Amino acid sequence: MDQVLTIKKSTEAGLIDLLTYLLKNKKVSGVCSLRKTKKQGKFDYALITDPELLHDVVPLHPLMPVNAGKMLSNMIKMEMPVAAVIKPCELRSFIELVKRSQGKLENFLLISYTCGGALPLTATVENKVDTMLPDYGKTVAAGNEFEHIREICKACEYFVPFNADATVSLLGETGADSTCKIFLHSDKAKEILQGFEVEKTEDEFDRTGYDQIRERRKKYKEELFKQIKIQDTGLDGMIDVFGRCIGCHACSRVCPICYCVLCDFESSTYDYDNTIMEQELSRKGGLRLPSDTILYQIGRLSHMSFSCIGCGQCTEVCPSDIPVSVIFRKCGEKVAEIFEYIPGRDVNEQVPVTIFKEEEFEEIGEE
Amino acid sequence: MTSDFTPKIVSFLCKWCTYSGADLAGTSRMKYPPSILPIRVMCSSRVNPVFLVKSFFHGADGVLIGGCHPGDCHYQSGNYHTRRRFIILSKIFECLGLESERLKLAWISAAEGARFVKVTTEFTQKIKNMGENPAKRKIFI
Amino acid sequence: MKKIQTKGVKISSNKDYRDSIVDILKKMLQSKSVDAVLVPMRVPAKDSYAWILVKDEKLLTEADPAAPIMPIQGARALSSFSRKGQSMLKIAALMRPCEIRATIELSKLNQVNLENVTLISYDCPGALPMEDYLNDPEKGEKKFNDILKKLDFQNKSIKPVCKICDQFSLLPVSDLHFTLFHDQNNTMFLIANSNRGNLVLKEIGMEASHTVSAWANGIQEIKDKRAAQKKGRFTQIKKMVEGFNSLLATFSDCIGCHNCQSACPICYCRQCYFDSESVTSGTDLTMLKAKKRGSISLPQNRIMFQVGRMSHMSLSCVSCGLCTDACPVSIPVAEIFSYVAHNTQKQFSYSSGENKGEPIPLKTFKLEEVKGIQELVEDAEA
């Protein structure tokens, strides 16, 4: 049974009250949330320890300048937990990182929300966030799709958070403007918020209530995947899609799952001697420099695609506008399916490449 | 489409099993195709999936990984990992339309010289039917 | 001071500049003057360009010597081939002047071996911003063709950092140079600017016998215009970044993705210093900082990265503009770094990429050269 907190304020205001309570009463050592910066219309993530500074936070803004999961993974040594308000996909990426020993769950009180999608980076760059927000709020409260969210968000069926200590109800919550509803799932959350004096009831958080939205998202996903025709066009198709890749590796750098400080593909393994390149040049008559453009993409797919949670940061930062997130999600899902794996669903569900069963796939290798 | 070329099949063979099996085929005067370019590894799990991609992009018509039968790995669990990695890479090739049939994983023990001949002969014929690897000539790769 | 070239080889005026240049490159391959040529080539999907090292002359017909965009810095492409030591192959690299200057800087940093490399420059009218080109590649192609046809070296569509570039033509370090800009009917010249360049001309059976003074005067006129534009633009840039508040406001969108560093030809470090443990604090420090100030922005060290990168590479910055192209939040990184680089280089009377033998100021010193700080501040050009 979940404990439901009902606060007679707008959802954002109610959540800020909760965060203020936590910080003022030293229930947490800090709050990690999106907030307004000094420049009008600009936002970033912040770690806040002074409760007076909480008035600037905008925890439920549909923005993702960086994937918060990546940031939480950098916080290892903590005396007391930090309350973090993050999106379902960011939470899933954090779980994936925890599985890889890149983060500690005990360090956080994880508050997430039912997500209506994130706006692209350009919304912040072009200062359009404040003008878009009222429409966004209304659309999401009605359970509809806001047209300006990221394409990959429109294809996301995991908008209800897994593993959150608490979930703020936002999507389809028609009364979001005047009532804040927060579901506390874990004992940790219930204990920490014991002294928080608001209306508390017992109820079960109904995941099935979002089935209609889920179906809509799944349908869009199929459409989006179909648009990237690489399955049918083979190597030429790959070269068409990734031909304009400049090998900047920005996709990997912003990806929460790619945590390697020195990426294998940037290491000296791929620093060839002249003789090798000269041989290739002789064989083909022409050699692309720098080399290994497509190899890097396939290599990264083989390393992490099954853990791809579809946040879309890769597409946002690609200087060549390649739909990286769609390709990675598409391949990732197909691979994860083989092992019945869903990234970020369960921290005890181990990463498919790190484990094996003695009896599985018995046909492989025996023919 | 059958062609008359000799495919190049880069083969990563585990020392304890498949490589020894290949040796046995040789010493028993059994013929296997010259398309096989053997590379001896200590265990099939030494093979980084990216090796397969690299071979493929550098013009190998086929890539073969040879290891011990599951349960017989000299290092206990190496080949179980190989199996999973191979499946993941095959799936990715499939998703990207990259002829995943050019990649093969075969469990061949040190005593199975004949099996080595059979597998390599059949694989070579399959690659011949598929034709040359188109990646050989791609410059923008 | 290098002797100013006054003569060049006259190249037939009937063909498109691309075809003329490709013909000469073919001659170089045929005469074995070079074994391979590094040129840009349009990708099969026709939406970008890639650097291709060409050995087979048949492939050269696909080459586009002056591409409308610069997705990858030529110096980076060349460095990926010749970093590990002298190549046995003789290579000619046909690149934009800023790419050649970056190559020279990289050679000083041991990232490019220039033995057996012939550097060929051309009059560059600038490049189009990547974003604009990617939105409509066909339109971009047309725009750029127009620019070249009309010799419009003051076109509004080129990158902001190109508009203030006054090193877009023959460089002291060029071995050979194609004059795309010319004020007579489609006359293009090939100028040899070094012993190597002269040797190549000889090997392909050409002789520099035509005077190029008209071209040189035309180029000087544009250089003067660009220099004036640079001065004006730097005054604006100075306002954007002068003072802590302005600096923070200008970089407020920065998400710390380090694209600028990845795209920059000079930033060759496998692991950027600002990603190393020296800079990225452990949690105990993060919490400490947050407690002390009441809050800290995450990810940390974004401004530190920018200013730090300036301190590391501004002496070698060639103002190529790839950083702005790569920035996902449209910060005018190139113009800012160009402004800073102009001032830091000025302190040592150093011009990046101008002279192969001149060491980067940070790698050397003179016994007497420190100016007073006040003078340094006053010197920062408005």
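**Entry 1: a bridge between domains**

I started with C:Lys159 and C:Asp325, whose side chains meet in a salt bridge, 3.7 Å from N to O. This is a predicted model, so I read every distance here as computed. I looked up where the two partners sit: C:Asp325 is in helix α13 (residues 322-326) of chain C, and C:Lys159 is in the loop between α5 (137-149) and α6 of chain C, so the pair ties together parts 166 residues apart in sequence. Buried or exposed, I wondered, is C:Lys159? C:Lys159 is buried, at a relative accessible area of 3%. C:Asp325 is buried as well, with 15%.

**Entry 2: the two domains of chain C**

Chain C splits into domain 1 (8-232) and domain 2 (234-381). Their centres, taken over C-alpha atoms, are 28 Å apart.

How many residues are in contact between the two domains of chain C? I get 30 residues of domain 1 touching 32 residues of domain 2. Then I went for area, since interface size is often given as the accessible area lost when the parts come together. For domains 1 and 2 of chain C the figure is about 2,700 Å², and 56% of that is on carbon and sulfur atoms. On the domain 1 side, C:Glu105, C:Lys108 and C:Val161 lose the most area to domain 2, together 23% of what that side buries.

**Entry 3: what crosses the domain interface**

I searched for salt bridges between domain 1 and domain 2 of chain C, and the rule finds one. Polar contacts between these domains come to 17 residue pairs, with both residues at pLDDT 80 or more.

Which elements of domain 1 give two or more residues to the side touching domain 2 of chain C? My list reads α2 (74-82), α3 (97-108), α4 (130-135), α6 (160-163) and α8 (213-241) of chain C. Helix α3(C) gives the most to that side, with seven residues. By class, I note 17 nonpolar, four polar and nine charged residues on the side of domain 1 that touches domain 2 of chain C.

**Entry 4: inside helix α3**

C:Lys108 and C:Glu105 are both buried.

**Entry 5: the whole structure**

I widened the search to all chains and got 46 salt bridges. One that I followed up runs from A:Asp271 to C:Arg83, with the closest N and O atoms 2.3 Å apart. A:Asp271 lies in the loop between α10 (250-254) and α11 (274-284) of chain A, and C:Arg83 lies in the loop between α2 and β4 (91-94) of chain C, so this pair joins two chains.

I then asked how the ends of this bridge count for accessibility. A:Asp271 is at 16% relative accessibility, and it counts as buried because the cut-off is under 20%. C:Arg83 has a relative accessible area of 29%, so I put it down as partly exposed.

Notes: Residues are numbered from 1 along each chain as its sequence is written. Chains are lettered from A and ligands numbered from 1 in the order in which they are written. This is a predicted model: local features need pLDDT of at least 70, side-chain atom pairs count only at pLDDT 80 or more; totals for chains, interfaces and linings use all residues. Side-chain values use heavy atoms; hydrogens and water are left out. Domain bounds come from an automatic or database domain assignment. Contact means heavy atoms within 4.5 Å. Buried area is the accessible area (1.4 Å probe) that two parts lose on being put together, summed over both. A salt bridge is a side-chain nitrogen of Lys or Arg within 4 Å of a carboxyl oxygen of Asp or Glu. A polar contact is a pair of N or O atoms within 3.5 Å; within protein, one must be able to donate a hydrogen and the other to accept it, and residues adjacent in sequence count only if both atoms are side-chain atoms. Helices (H or I, at least four residues) and strands (E, at least two) are DSSP runs, numbered from the N terminus. Ala, Val, Leu, Ile, Met, Phe, Trp, Tyr, Cys and Pro count as nonpolar, Asp, Glu, Lys and Arg as charged, and the others, Gly among them, as polar. Buried means under 20% relative accessible area, exposed over 50%, partly exposed in between (1.4 Å probe, protein chains only).
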